[in-house]
Amino acid sequence: MSTADAPKKPRETDDVPVPATLRKSLKNRHIQLIALGGAIGTGLFYGSSESIALAGPSILLAYLVGGFAIFAIVRALSEMSVEDPKAGAFSYYATRYWSKRAGFISGWNYWFNYILVSMVELSVVGSFVNYWFPAIPTWVSAAVFLVIICAANLLGVSKFGEFEFWFAIIKIVAVIAMIIGGLAVIIFVLPTASGVRASFANWFTVGNGFFPNGLMGQNSDGSWTGLLMALVVVMFSFGGTELIGITAGETEDPKTTIPRATNDIIWRILVFYIGALGVIMAVVPWNTIDGKSSPFVQIFDSVGIHAAAGILNFVCLTAVMSVYNSGLYANSRMLYSLAKQGNAPAYLGKLNAKGVPVAGVLTSAVITAIAVVVVFVWPEFAFNYLMSIATIAGIINWTMIMFTEMKFRKVVAAGGAPEDSELAGKSGKEALDAIHFKLPFAKVTPWVVLAFLALVVVLMCFSASYRVAVIAGVIWLAILFAAYQLTQAKK
């Protein structure tokens, strides 16, 4: 029988029935936009007001420094993802190259982190819907969007990729439109509502200049402010960029796609954070950005385009849906990975004919729904305490990625690279040199990033709201350690 007559192997897509396995259906355009969408959210559209109030124009430096730290973290994760693309990246790598305890803590920490983030995102979706339809109860909006996103995740990974692709397109268009509109105001010297001429010189001439609050200082009410304190807010706005690593196990060509998406992160931060906020503070005096409305709304309002509030409301609604869509996807794959490691119930490791861990999707959705009920019944408790754990959980994620990357390199140097990797059979310097997508300055970079993250945790202790997060983080880690010991004792 000729090769032309030979039966063809079924292609692994969401629509062709093949044996139950994760599908490598995410294309380059999906990964590019998933990576970008993870870096642009309500933290930029609304949360940037808080960071600007803390540091003034010097917030641009905070985003630059924080951006390089996030870039290094994602590069460390991508180094492992390219050589060993697996679902549930953090947990799998921590287990494979560090210890089973590290994999347990890393996986469950990331899962719980996204449960809490999803909970808050769903709880606020009603406020965006009420902008147009005030009679609809907020819990109805939360329930409807939970069902829609859950259904989208059950359709297959390529459908998830399409949802994220278009969610990200909407956010990108909104930011670019704002930047172009702001530049037009500056170039054509259009009048603004504040009466202050739009100019980049406003960074240095408005409200005590570029460093209005210095590196760090104390207000009359005892609260701390300044560039360093703004770093805390900035770092939390970057949460979600590490989603690239989770997608590696379902990417068509991870050796090409993951490096490209990772390297693009730094310019995305420059354009979409530094570029956008730089233009905003050139058009709207930074000391008039009070957080009562989004800086993006203020920049259009300042030149008489009052429809901006409605447009941004739609953008933020899609941003919230995007966060929950990504969160549900990441959580289902994390539970699948934990189950395969023996760190979660076995039923979570089963896939349907489309290669979707249905049990992981439904379990995460049900628990998120319960958490949303908690938000509606005890909103103050939920936001003040549960979200504190979510914020510190992000720091724990990033810290474990850097430690795991160092462990990964030790294993590779000892000849323990994955068997299906090009590193197999190599050891020592030869193996390290053969790593396809290296973390720059790998002997030093992880320690620099870890020192930076430690600084962020110390700075959190100076803020009353973030201090709760630090305490909660210590308690949360203790719970995870105890849970691991308990599960091992039962086995």
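Student: At what angle do helix 4 and helix 10 pack?
Tutor: Helix 4 (residues 59-83) and helix 10 (residues 227-237) pack at about 50 degrees, and their axes lie 9 Å apart; axes are lines fitted to C-alpha atoms over the stretch in contact, with angles running from 0 to 180 degrees between N-to-C directions. Helices are DSSP runs of H or I with at least four residues, numbered from the N terminus. Helix 4 is therefore oblique to helix 10, given that under 35 degrees counts as roughly parallel, over 145 as roughly antiparallel, 65 to 115 as roughly perpendicular and the rest as oblique.

Student: And which residues make the contact?
Tutor: With contact meaning heavy atoms within 4.5 Å, helix 4 contributes Ile59, Leu61, Ala62, Tyr63, Gly66, Ala69 and Ile70, while helix 10 contributes Leu227, Ala230, Leu231, Val234, Met235 and Ser237.

Student: Is this model predicted, or what is it?
Tutor: It is a predicted model, where local features need pLDDT of at least 70 and side-chain atom pairs count only at pLDDT 80 or more, whereas totals for chains, interfaces and linings use all residues. Residues are numbered from 1 along each chain as its sequence is written, and side-chain values use heavy atoms, leaving out hydrogens and water.

Student: New topic: how are helix 8 and helix 14 arranged?
Tutor: Helix 8 (residues 157-187) and helix 14 (residues 308-341) pack at about 150 degrees with axes 9 Å apart, and they are therefore roughly antiparallel to each other.

Student: What does Phe296 contact, beyond its neighbours within four places in sequence?
Tutor: Phe296 is in contact with Leu44, Phe45, Val175, Met178, Ala276, Ile280 and Leu312.

Definitions and conventions: Helices (H or I, at least four residues) and strands (E, at least two) are DSSP runs, numbered from the N terminus.
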